Amino acid sequence: MSKLNLTPNFGDEADAFYAELIAAQADLGDAQAADWLARLTLILCNHIGDREVLRQAFALAREHHD
């Protein structure tokens, strides 16, 4: 069974990654940003390709949302 990696994986680049993530959406309105995020999510889910890992990620994201 595959397991979701929850260990920080950006090393010294975490702040730079976050800045890039925010900058990529900077000029988008709320609806456009939501669409962009949905497309990004699908692209990354396809890249991961492991349904068990994705199920774990979905559950974790939902847990922190409630």
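Biologist: Where does methionine 1 lie, and is methionine 1 buried or exposed?

Modeller: Methionine 1 belongs to the segment before helix H1 (14–23); helices here are DSSP runs of H or I with at least four residues, strands are runs of E with at least two, and both are numbered from the N terminus. For burial, look at relative accessible area: under 20% is buried, over 50% exposed, and in between partly exposed, using a 1.4 Å probe and protein chains only. Methionine 1 has 89%, so the residue is exposed. Its C-alpha atom is 22 Å from that of threonine 41, which is 40 residues away along the chain.

Modeller: Before we go on, some ground rules. This is a predicted model, in which local features need pLDDT of at least 70, side-chain atom pairs count only at pLDDT 80 or more, and totals for chains, interfaces and linings use all residues. Numbering starts from 1 along each chain as its sequence is written, and side-chain values use heavy atoms, with hydrogens and water left out.

Biologist: What about asparagine 9, where is its place?

Modeller: Asparagine 9 also sits in the segment before H1. Its relative accessibility is 63%, so asparagine 9 counts as exposed. Between its C-alpha atom and that of leucine 28, 19 residues apart along the chain, the separation is 28 Å.

Biologist: How many helices and strands does the protein have?

Modeller: The protein has 3 helices and 0 strands, and from the N terminus on the order is α-α-α. The protein comes to 14 Å, well over the 11 Å that the rule gives for 66 residues, so it is more spread out than a compact globule. Along the principal axes, the C-alpha trace spans about 40 × 30 × 25 Å. Buried residues account for 8% of the 66 residues.

Biologist: How do I read a pair of aromatic rings?

Modeller: Two values describe such a pair: the distance of the centres and the angle of the planes. Rings of Phe, Tyr and Trp (its six-membered ring) pair if their centres lie within 6.5 Å; planes under 30 degrees apart are stacked, over 60 edge-to-face, and the rest tilted. That rule gives 1 aromatic pair here. The partners are phenylalanine 10 and phenylalanine 17, stacked at 4.4 Å centre to centre with 15 degrees between the planes. Phenylalanine 10 is partly exposed at 44%, and phenylalanine 17 is partly exposed at 35%.

Biologist: What span should helix H2 have?

Modeller: The expected span is 1.5 Å times one less than the number of residues. For the 19 residues of H2 (residues 30–48) that gives 27 Å, and the end C-alpha atoms are 27 Å apart, which agrees. Just after H2, glycine 49 has a positive phi of about 70 degrees.

Biologist: Which residues of H2 are buried?

Modeller: Ala33, Trp36 and Cys45 are the buried residues of H2. They cover an arc of only 165 degrees around the axis, so they lie on the same side of H2; the arc is that of the directions from the helix axis to the C-beta atoms. The other side of H2 has Ala31, Leu42, Ile43 and Asn46 exposed.

Biologist: Which residues is valine 53 in contact with?

Modeller: Contact means heavy atoms within 4.5 Å. Valine 53, in helix H3 (residues 51–65), is in contact with Ser2, Lys3, Leu4 and Ile48, leaving aside neighbours within four places in sequence. At 12% relative accessibility, valine 53 counts as buried.

Key: The radius of gyration is taken over C-alpha atoms; the globule rule is 2.2 Å times the number of residues to the power 0.38.
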